[in-house]
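Hi there,

Here is the structure I promised to pass on to you. Have a look at it first, and my notes follow below.

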Amino acid sequence: RLRRQFKVPVGKFEGVQEAMARIAGLTYTLEAARTLTASAVDHCLNTEHKGPSVTTAIAKYHMTEMMRKVLIDAMDIHGGRGVMMGPRNYLSSAYQAVPVAITVEGANILTRSLMIFGQGAIRCHPHVFPEMEAARSNDLAAFDKHLLSHVGSVIHHQMRTLTHGLTGGLFAGSPVSGPMARYYRQFTRLSSALYFVSNVTMGVLGGELKRKELLSARLGDVLSQLYLGSAVLKYYHDQGKTQEDLDHATWALDHALAEIGKAFDEFFANFPVRVIGRFMRLVVFPLGQPYRKPTDKLGSAIAEQMMEPTKLRERILQLAYIGKDKDDVTGRMAAAYSALLEVEETYNRFQKVANKGEAGLTFAEQLKYCLDNKVITAEEARQIEAFDKLRYDAILTDDFSKEYLASGVESAAEAGQKSVRVA
């Protein structure tokens, strides 16, 4: 909103809005997942329950991957402003820290391919773990009971999944009415589909599934997006169902459904027993895979809201550090943005005339021309001048003279020798 190109804020360009929409939608998902997962951990700490290992693995993997995407998009939008290292750059340290979050405390590749579905498939299943325990203790009666229940539940979910696929989930249950009801129904449909596919896969592949890491990862992706989508639904409900929340939640949920559709598509296409893969696809998506990415119109809407001082924006930023001083790395951006909100209408009027050839080339000439021709008043000229100083300072890229660099930086050889001596 501060930076202009062709007399238009860069946030109005559709190409930039595509990246902004991902930032806004994924950040909304991040906040929803944070609050739900943290509350689950708090609950376990305050009770005798063990920690929610599967949901924390989902959160660790997907939240750090979303962070990576958000920062890459932020870098693309900022351009050189985000690349040049220096005291004005508030992106570089976070961007540099991304590999740390991705590769430690459970490397993301390992978490996705082995942990999320691998842990959840057995521990969270209503029948598999009891069957294993019965077999281990040679309790034939208990094993037969769980096995029959297991087979019955698979047949039930197969028919349920096929019915929901043929009707588009129209008759699936939803605890609410209104715009979110569709998503509750789709998540019910896809939960049933995941149960059916998981059981068929475990039955066909057995222990071999442990070595089919990409198949396990894709089922984990489905499970993860169901969890993240559920977090978004809860967060939207808890935050009062505002229009801004509705647009962001809709983008986040459409994105989750599209990711589920993609994961199922790739799973069926790569299933080692082709006839079984085609059979599962037919049951889950009898009329074709229906889920698509969020629309351009919706993405543009949340990108526009991202530039407005909404309550949702304040809520999302409540735990982020925003400096108060206009010389602070983030404070100068906040100061310029606050000034823009007060003077934007006047500044737009000034810019409309200032960009004409006869107004002059420099800002001072343009300001004088508009003042002389009564386009703006003296007070408005003062406000515009004060804002433009903040605006220009906010968009400046770090720049250092050769003399400064030569006076304060050791040569690489000297730095290397010093590190060796210290070691």
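In which helix is Ile-155 found? Ile-155 sits in helix α7, residues 140-167 (helices are DSSP runs of H or I with at least four residues, strands are runs of E with at least two, and both are numbered from the N terminus).

Before the rest, please note that this is a predicted model, where local features need pLDDT of at least 70 and side-chain atom pairs count only at pLDDT 80 or more, while totals for chains, interfaces and linings use all residues. Residues are numbered from 1 along each chain as its sequence is written, and side-chain values use heavy atoms, with hydrogens and water left out.

**Helix α8**
Helix α8 covers residues 181-205 and spans 36 Å from its first C-alpha to its last, close to the expected 36 Å (1.5 Å times one less than its number of residues). Of its 25 residues, 18 are buried (buried is under 20% relative accessible area, exposed over 50%, partly exposed in between, with a 1.4 Å probe and protein chains only). Gly-206 follows α8 and has a positive phi, near 60°.

**Salt bridges**
The model has 19 salt bridges (a side-chain nitrogen of Lys or Arg within 4 Å of a carboxyl oxygen of Asp or Glu). One of them pairs Arg-281 with Asp-265, with the closest N and O atoms 2.7 Å apart. This pair links distant parts of the chain, Arg-281 being in helix α11 and Asp-265 in helix α10, 16 residues apart. Arg-281 is partly exposed at 29%, and Asp-265 is partly exposed at 25%.

Glu-380 and Arg-349 also meet in a salt bridge, at 3.2 Å from N to O. Here Glu-380 belongs to helix α16 and Arg-349 to helix α14, 31 residues apart. Glu-380 counts as buried because its relative accessibility is 18%, whereas Arg-349 is partly exposed at 34%.

Lys-368 counts as exposed at 53%, and Asp-372 as partly exposed at 47%.

**A loop glycine**
Gly-79 lies in the loop between α2 and α3. Its relative accessibility is 27%, so Gly-79 counts as partly exposed. The C-alpha atoms of Gly-79 and Thr-397 are 9.9 Å apart, although 318 residues separate them along the chain.

Best wishes
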